[in-house]
Amino acid sequence: MESINVYCVNTQQSYSVPLGSTFNELATIILGEDSAMKPVAALLDNNLQSLRYRLFRDGMVEFVDGSTQDGYSVVVRSLIFLLYTAFRELYPTGTMNTEFYISNGVYCSLEADGYIDSEEQIAQI
């Protein structure tokens, strides 16, 4: 089986891993299943990639979790997508706009025959 060499910034060590490994598999190999760090994405030569991305060349890898700026952005975008999915399930003809980021929050407008603004409607979503 062919292998590639990756340098992990998190552990400051080099590893030989099977060609075509995903970052998710790599995290298990390098960080271990019981690691305190729970990566949400990885940087390959400073380019942000999904944990499903397959490696076919040598490179420098850094796993990112929600405590980093890149990781936080991945988590927020995932939660926005989850909100959109739940909203579309309840209101198939409605519209959702992600307006802007304020402090540590995101402002979204939800419309379905008028704005969604009652506590009952929000609880449904």
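Phe 100 is partly exposed, because its relative accessible area is 40%, the classes being buried under 20% relative accessible area, exposed over 50% and partly exposed in between (1.4 Å probe, protein chains only). The model is predicted, and local features therefore need pLDDT of at least 70, side-chain atom pairs count only at pLDDT 80 or more, and totals for chains, interfaces and linings use all residues. Residues are numbered from 1 along each chain as its sequence is written, and side-chain values use heavy atoms, with hydrogens and water left out.

The structure holds four aromatic pairs, where rings of Phe, Tyr and Trp (its six-membered ring) pair if their centres lie within 6.5 Å, and planes under 30 degrees apart count as stacked, over 60 as edge-to-face and the rest as tilted. The rings of Phe 23 and Phe 63 are edge-to-face, because their planes stand at 90°, with the centres 6.3 Å apart. This pair links distant parts of the chain, 40 residues apart, with Phe 23 in helix H1 (residues 23-31) and Phe 63 in strand S5 (residues 59-64); helices (H or I, at least four residues) and strands (E, at least two) are DSSP runs, numbered from the N terminus. Both Phe 23 and Phe 63 are buried. Phe 100 and Tyr 107, by contrast, form a stacked pair, at 5.1 Å centre to centre and 15° between the planes, and Tyr 107 is partly exposed at 43%.

Val 74 lies in helix H2 (residues 69-90) and counts as buried, because its relative accessibility is 18%. Leaving aside residues up to four places away in sequence, Val 74 touches Val 40, Ala 41 and Leu 48, contact meaning heavy atoms within 4.5 Å.
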